[in-house]
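Here is a short note to read beside the structure. Keep the view open and find each residue as it comes up.

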Amino acid sequence: MADTFPPDLLDAQFRLHRARAEYEAFCRTLPWSVVPAKGWPGEVHPHTGVVTGGRADSPGYTDEQKVDYARRRELVRELSIEVSTHPYWATIEGPARVEARMALKHHPDAVPATAEPALTAG
C-alpha cells in the first residue's frame, strides 16, 4: 500500500511537512503576545531561591510578523487540505485508510531531510 502513493500526494505531504516545520520554527521566534502586553514576575522557590515562571514584557508582533505568520499558517492549511482531500483516499476503505495515512506521513519520499524554504520572499 505505501508503495502505491501517487507522486503528487507524496509531493504534497513533503511540502506539508516542510511548511509545518518552518511555521513552527517561525512561531518560536515571535513574542509571546500578539499585542503589546506587560509581563509578570516569576515565583521564588522558598527553599532554593530559584525563580521560575514569569514573563518579560512583550512588544507584540510587528506588522511584518503578522503578515508572515498569516501567510505561513495559510500555506499549512492549504497543504493540509490538499493532502486530506486527495482522490487517493477514496480508494481505501475503513481502518486501512488510517493505516495508509500514517504510512504516508512517514514515507521516506514525503519526509524532508532538512527544512528547505517552502515560501518565497514577497
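1. **The core.** The largest nonpolar core has 17 residues. Such a core is a set of buried Ala, Val, Leu, Ile, Met, Phe, Trp, Tyr and Cys residues joined through side-chain atoms within 4.5 Å. Phe5, Leu9, Val83, Tyr88, Trp89 and Leu104 have the most contacts inside this core. H1 gives the most, with six residues. Helices here are DSSP runs (H or I, at least four residues), numbered from the N terminus. "Buried" means under 20% relative accessible area, "exposed" over 50%, and "partly exposed" in between (1.4 Å probe, protein chains only).

2. **What you are looking at.** This is a predicted model, where local features need pLDDT of at least 70, side-chain atom pairs count only at pLDDT 80 or more, and totals for chains, interfaces and linings use all residues. Residues are numbered from 1 along each chain as its sequence is written, and side-chain values use heavy atoms, with hydrogens and water left out.

3. **Leu104.** Which residues does Leu104 touch, not counting those up to four places away in sequence? They are Phe5, Leu9, Leu10, Gln13, Val83, Trp89 and Ala110. Contact means heavy atoms within 4.5 Å.

4. **Helix H1.** H1 has 23 residues. From its first C-alpha to its last, H1 reaches 34 Å, close to the 33 Å expected at 1.5 Å a residue. That expected span is 1.5 Å times one less than the number of residues. The buried residues of H1 pack against H2 and H3. Among them are Leu9, Leu10, Phe14, Leu16 and Phe26.

5. **His86.** Look in the loop between H2 and H3 for His86. Is His86 buried or exposed? His86 is buried, with a relative accessible area of 13%. Its side chain joins that of Asp8 in a polar contact of 3.0 Å. A polar contact is a pair of N or O atoms within 3.5 Å; within protein, one must be able to donate a hydrogen and the other to accept it, and residues adjacent in sequence count only if both atoms are side-chain atoms. Leaving aside neighbours within four places in sequence, His86 is in contact with Pro6, Asp8 and Leu9.

6. Side chains of opposite charge can pair when their charged atoms come close. The whole structure has six salt bridges. Each is a side-chain nitrogen of Lys or Arg within 4 Å of a carboxyl oxygen of Asp or Glu. Glu82 forms one with Arg15, with the closest N and O atoms 2.9 Å apart. Glu82 is in H2 and Arg15 in H1, 67 residues apart, and the pair links distant parts of the chain. Both count as partly exposed: Glu82 at 33% relative accessible area, Arg15 at 25%. Asp11 joins Arg15 and Glu82 in a network of salt bridges.

7. **Asp68 and two arginines.** Asp68 meets Arg71 in a salt bridge (2.8 Å, N to O). Asp68 also forms one with Arg72, with the closest N and O atoms 3.2 Å apart. Why can Arg71 and Asp68 be separated by about one helical turn? Because they are three residues apart in helix H2. Arg72 and Asp68 are four residues apart in H2, again about one helical turn. An α-helix has 3.6 residues a turn, so residues three or four places apart point the same way. Asp68 is buried at 14% and Arg72 is buried at 18%, whereas Arg71 is partly exposed at 30%.

8. **Aromatic rings.** The structure holds six aromatic pairs. Rings of Phe, Tyr and Trp (its six-membered ring) pair if their centres lie within 6.5 Å; planes under 30 degrees apart count as stacked, over 60 as edge-to-face and the rest as tilted. Tyr23 and Tyr69 form a tilted pair, 5.6 Å centre to centre, with 45° between the planes. Tyr23 lies in H1 and Tyr69 in H2, so the pair ties together parts that are 46 residues apart in sequence. Tyr23 is buried at 16%, while Tyr69 is partly exposed at 25%. Ring pairs also link Phe5, Tyr88 and Trp89 into a cluster.

Methods
Helices (H or I, at least four residues) and strands (E, at least two) are DSSP runs, numbered from the N terminus.
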